[in-house]
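The entries below are in the order of looking.

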Amino acid sequence: MRKTIIAIAAALSATPALAQQKLEFILNWVPGGDHAPYYYAKAQGWYAKEGIDLALEPGKGSMLAVQKVGAAANPIGLADMGNVLLGRGKGADSVAVFNVYANSPQGLYWLKSSGIAGIKDFCGKKIGNPAADGARPMWPALAKANGLDPKCVTWVNVDANAKLSALKSKSIDVTTSFYNIHHIFQKELGEDMGFVAWREVGLNPYGNSVIVNAAFLAKNRALVEKFVKVTQRAFAACVKEPKPCVQALVDANGALKLDNELQNWALVEVLMNDRFSREVALGIHDDGRMKADYELVRDYVGLDKPFDVKTTYTNEFLDRSIKMPK
């Protein structure tokens, strides 16, 4: 009898509480402060508790994430919503389920000593960034909003880690970057840094959102709901107490520095904050803003094939009780 009890106990202890389904999540970029909540929730075992074996894959730009999720190479990913809409027009069928950046994170950087005073001086200049960077396909909208011919600049392929050195060496005149690493540009360029945020010059579409392949979503709604709820909870926890959250990111990515990523996260909180995230729900896509973003992309960039914008996002998995602090 005693042997039987021991055998049963051993079998129970060897059986996982919940079967794990692997979920390969492609990020928009290499891991940084803005990705801390995913690493924190994974380290805390929150995903595993819901039966999710989360694999976080570094990315190389929003357009790549859109393409991979749209083609079901990855079931889930993180990408700029403007690029998600452009991708949908090309047949990349994905659905946004959680918004991270309620404000556009896109910014443009240059050297004041180059004679550039602002975006009106960009014509004839070289803008350098990675080929799959989300800023490129959205440039025509920003250019037209500021009275520029989108073709008046030359785009140069520059690796993400070479942006600053290319700018300093003057092999490019302008580069693009997300606002959450603004402090790095300030440190490197000092008083010679020229900067403008897209949201300050007429273009503030939704930024990064978690997207899911549409066919995968249709077959795995319960799994996606669990993922969204854990993720929403993790973002709220990181807003409340950033340090342990960012520490989990650093622990999982040895080359990162805690102090730098804490500064990164502080800027992320600025980008997450709007009246809808404060008053309705953290992670929500507002219908009015999404309609405006669709029209912006359609009218200023162009869509290969029109579609109903309401098919590109859903708020159904959000916990409406979780909001950004007022």
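The entries cover the sheet, then its strand pairs, then a helix contact.

Entry 1, ground rules. I am working on a predicted model, where local features need pLDDT of at least 70, side-chain atom pairs count only at pLDDT 80 or more, and totals for chains, interfaces and linings use all residues. Residues are numbered from 1 along each chain as its sequence is written, and side-chain values use heavy atoms, with hydrogens and water left out.

Entry 2, the sheet. I looked up the strand order and found an open sheet of five strands, β2-β1-β3-β10-β4, with mixed pairing. β2 and β4 are at the edges with a single partner strand each, so one side of each has no neighbour in the sheet. On average, neighbouring strands here are turned by 30 degrees against each other, direction ignored. For the terms, I take helices (H or I, at least four residues) and strands (E, at least two) as DSSP runs numbered from the N terminus, and I call two strands paired if DSSP finds at least two bridges between them.

I checked β1 (residues 21-26) against β2 (residues 52-57) and found parallel pairing over six bridges. β1 is also joined to β3 (residues 76-80) by two bridges, again in parallel. I then followed F25, which stands opposite L56 in β2 and opposite I76 in β3.

Between β3 and β10 I found five bridges in the antiparallel sense, with I211 of β10 as the bridge partner of G77. β10 (residues 208-213) pairs with β4 (residues 94-99) over five bridges, also antiparallel. There, N99 stands opposite S209 of β10. I looked up the cover of β4 too: six of its six residues are buried (under 20% relative accessible area, with a 1.4 Å probe and protein chains only).

The axes of α10 (residues 221-240) and α12 (residues 258-272) come within 11 Å and cross at roughly 120 degrees. I note that axes are lines fitted to C-alpha atoms, for helices over the stretch in contact, and that angles run from 0 to 180 degrees between N-to-C directions. I listed the contact (heavy atoms within 4.5 Å): F235, C238 and V239 of α10 meet W265, E269 and M272 of α12.

Technical notes:
Buried < 20%, exposed > 50% of the residue type's maximum accessible area, 1.4 Å probe, protein only.
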